[in-house]
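Please look through the sequence and the structure below before reading on.

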Amino acid sequence: MIEEIRSIIRDHARLPVDVDTLADDTDLYQAGMTSHASVNVMLGLEDRFDIEFPDHMLKRSVFESIAAIAAALKDLQVSAAA
Amino acid sequence: MSVAVDRDATFLAGIRQIAEDVAAEHADDVDRQARFPVETLSALREQQALSAFIPPELGGAGISFEAIAEACLHLGRRCGASAMVFAMHQIQVVTIVRHLEDASWFEAYLRSVSEEQRLIASVTSEVGTGGDMGRSIAAVTPAAEGRCSFEKQAPTVSYGEHADDLLTTLRRAPDAEPGDQVLALTRREQITLEPTGTWDPLGMRGTCSPGFIVRAEFAPEQVLPTPFPAVSVQSMVPVSHILWSHLWLGIATDAFDRARAFVRASAKQKPGEPPPTAQRLSHLMSELSLLRAEVDSALRAFVEASQEPGRERLSTVAAALRFNNLKIAASEQAPRVCQGAMGVCGIVGFKNDTPFSVGRHLRDTMSASLMVANERIHHTNASLLLIAKDV
């Protein structure tokens, strides 16, 4: 899952640095992801994992790092299975 | 609870009196001369209104946010520029109070605002960012002896020359990305302002907001601990939009009141026959009601969401859309109401020296769609709407 998240970030986050140089817990916004680019990351994730982020998850803290995104996706898949 | 309600009521009675006795008297002169509303500000200081929102333990009055918003409306009814200066100062105070995180420098600073009634201005816009407050070029830069400095080219600094202190958005460090921003509070004696323009605008003339190159040297503790992006979505943006829209509603309400006074005066001249303008006034009232409803509901939504732990709801895309829409709707509706009032009053509304003049109201509210340009907000919303689910 982490690799898929990284590839979506590579395609959509428009970071000034290579995503491979970032740790899983690096703050993506501090690394240069704009709010506009983060929307594209959200759309890319929804498309790739065939999920929908509910409104309460659509906030900065959920998308601020690769690890945070992975945790959110796990939450969603768990709740979808329940 | 009732103590707090009494405190709010006393505060608002004082504000109404300042609006009626001071702001109203000087509003036309402030507008004509494009001069700072010194009389209103000195009356506000005398009533300790600049520290109204600061908690009592830091020397303030602990007035509620709802009462601060209502104060903007009352001042807006009598002098748009006075209301805007008051509102912008309160935006900075509310922002600092909500994001202090026990930082001792900022606690001491708020005490000095309470004691000295210091006026805070903000330096958020910057030449070269295309009006995007979420990006900075100027940065917190290390200076000699562990201190910091910055130099920022600001296209406008509202009441910059009249402020005691400045709250400035900056990149966290010289090598930080444009969106990696913090807020720095610098005091008058730490700042130099080099004017880069003049101030002769169409409306809101008393806010005295020319451009400056702002330079400052300060201590690292003067940077607010919470990063600006969180401060921005949870406080600065929604608070700005709510307080601005309250004062725009105030200006529009006075324009409506003047139109109503005009219709009543015409009705008295021919008793028994409703004047044709009465019908137009009725149309205008429904326009004003829409504005009032939008402003009220946004205030309620913000206060409710602020009471939740961590204020998480304010950080969502849905909340950003909500408070962006308030700004767009109110900034378009307020001048519409003022123009409608001019339509009711006719030539006596168009003239600047009658009891029914609404030219200043119309000009002042025309600034609303420009302060943070509505098209920029639409651009943000357009992107957020792609991902939001339930708006």
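Is Val372(B) buried or exposed, judged by the other C-beta atoms within 10 Å? In this predicted model, Val372(B) has 21 other C-beta atoms within 10 Å and is therefore buried, the cut-off for that class being 20 or more. Val372(B) sits in the loop of chain B between α10 (359-366) and α11 (374-385), and its phi is positive, at about 65°, although the residue is not a glycine. Most residues other than glycine have a negative phi. A positive phi is also found at Asp50(A), with a value of about 50°, and Asp50(A) is not a glycine either. Asp50(A) belongs to the loop between α2 and α3 (66-81) of chain A, and it counts as exposed because it has 7 C-beta neighbours inside 10 Å.

The packing of helices in chain B comes next. Two packed helices are described by the angle between their axes and the distance between the axes. Helix α6 (residues 228-269) of chain B packs with helix α8 (residues 317-345) of chain B at an angle of about 15°, the two axes lying 9 Å apart. That angle makes α6(B) roughly parallel to α8(B), since angles under 35 degrees are classed in this way. The crossing of α6(B) and α8(B) is left-handed, and the residues in their contact comprise 23 nonpolar, three polar and two charged ones.

Helix α8(B) also packs with helix α7 (residues 276-306) of chain B, here at an angle of about 160° and with the axes 9 Å apart. The helices α7(B) and α8(B) are therefore roughly antiparallel to each other, and their crossing is left-handed. In the contact of α7(B) with α8(B) there are 18 nonpolar, four polar and five charged residues.

Helix α6(B) has a further partner in helix α3 (residues 65-78) of chain B, and the axes of these two helices come within 7 Å and cross at roughly 35°. The crossing of α3(B) and α6(B) is right-handed. On the side of α3(B) the contact includes Ala69(B), Cys72(B), Leu73(B) and Gly76(B), while among the residues that α6(B) brings are Ile242(B), His246(B), Leu247(B), Trp248(B) and Gly250(B). Sorted by class, the residues of this contact between α3(B) and α6(B) are ten nonpolar, five polar and two charged.

Which residues have the most contacts inside the largest nonpolar core? They are Cys72(B), Leu247(B), Ala252(B) and Ala341(B), in a core of 134 residues. The helix that gives the most to this core is α6(B), with 19 residues. In soluble globular proteins, nonpolar side chains tend to be buried together.

Arg205(B) is located in the loop between β6 (191-195) and β7 (212-218) of chain B, and it counts as buried because 23 C-beta neighbours lie inside 10 Å. Arg205(B) and Arg35(B) are 170 residues apart in sequence, yet their C-alpha atoms are 6.9 Å apart in space. When residues up to four places away in sequence are not counted, Arg205(B) touches Asp31(B), Ala34(B) and Ala81(B).

The meeting of the two chains remains to be described. In all, 19 residues of chain A are in contact with 17 residues of chain B, and the side contributed by chain A is made up of eight nonpolar, seven polar and four charged residues. Val39(A), in helix α2 of chain A, touches Ser383(B), Leu384(B), Leu386(B) and Ile387(B), again without counting residues up to four places away in sequence. Val39(A) counts as buried because it has 22 C-beta neighbours inside 10 Å. Within its own chain, Val39(A) is 24 residues from Phe63(A), and the C-alpha atoms of the two are separated by 9.6 Å.

Asp47(A) also has its place in helix α2 (residues 35-49) of chain A, but Asp47(A) counts as exposed, because it has 10 C-beta neighbours inside 10 Å. Asp47(A) and Thr26(A) are 21 residues apart in sequence, and 24 Å separates their C-alpha atoms in space.

Technical notes. Residues are numbered from 1 along each chain as its sequence is written. Chains are lettered from A and ligands numbered from 1 in the order in which they are written. This is a predicted model: local features need pLDDT of at least 70, side-chain atom pairs count only at pLDDT 80 or more; totals for chains, interfaces and linings use all residues. Axes are lines fitted to C-alpha atoms, for helices over the stretch in contact, and angles run from 0 to 180 degrees between N-to-C directions. Helices (H or I, at least four residues) and strands (E, at least two) are DSSP runs, numbered from the N terminus. Angles under 35 degrees count as roughly parallel, over 145 as roughly antiparallel, 65 to 115 as roughly perpendicular and the rest as oblique. A crossing is left-handed if the near helix is turned anticlockwise from the far one by less than a right angle, and right-handed if clockwise. Ala, Val, Leu, Ile, Met, Phe, Trp, Tyr, Cys and Pro count as nonpolar, Asp, Glu, Lys and Arg as charged, and the others, Gly among them, as polar. A nonpolar core is a set of buried Ala, Val, Leu, Ile, Met, Phe, Trp, Tyr and Cys residues joined through C-beta atoms within 7 Å. A residue is buried if 20 or more other C-beta atoms lie within 10 Å of its own, exposed if 12 or fewer, and partly exposed in between; C-beta atoms are placed from the backbone. Two residues are in contact if their C-beta atoms, placed from the backbone, lie within 7 Å.
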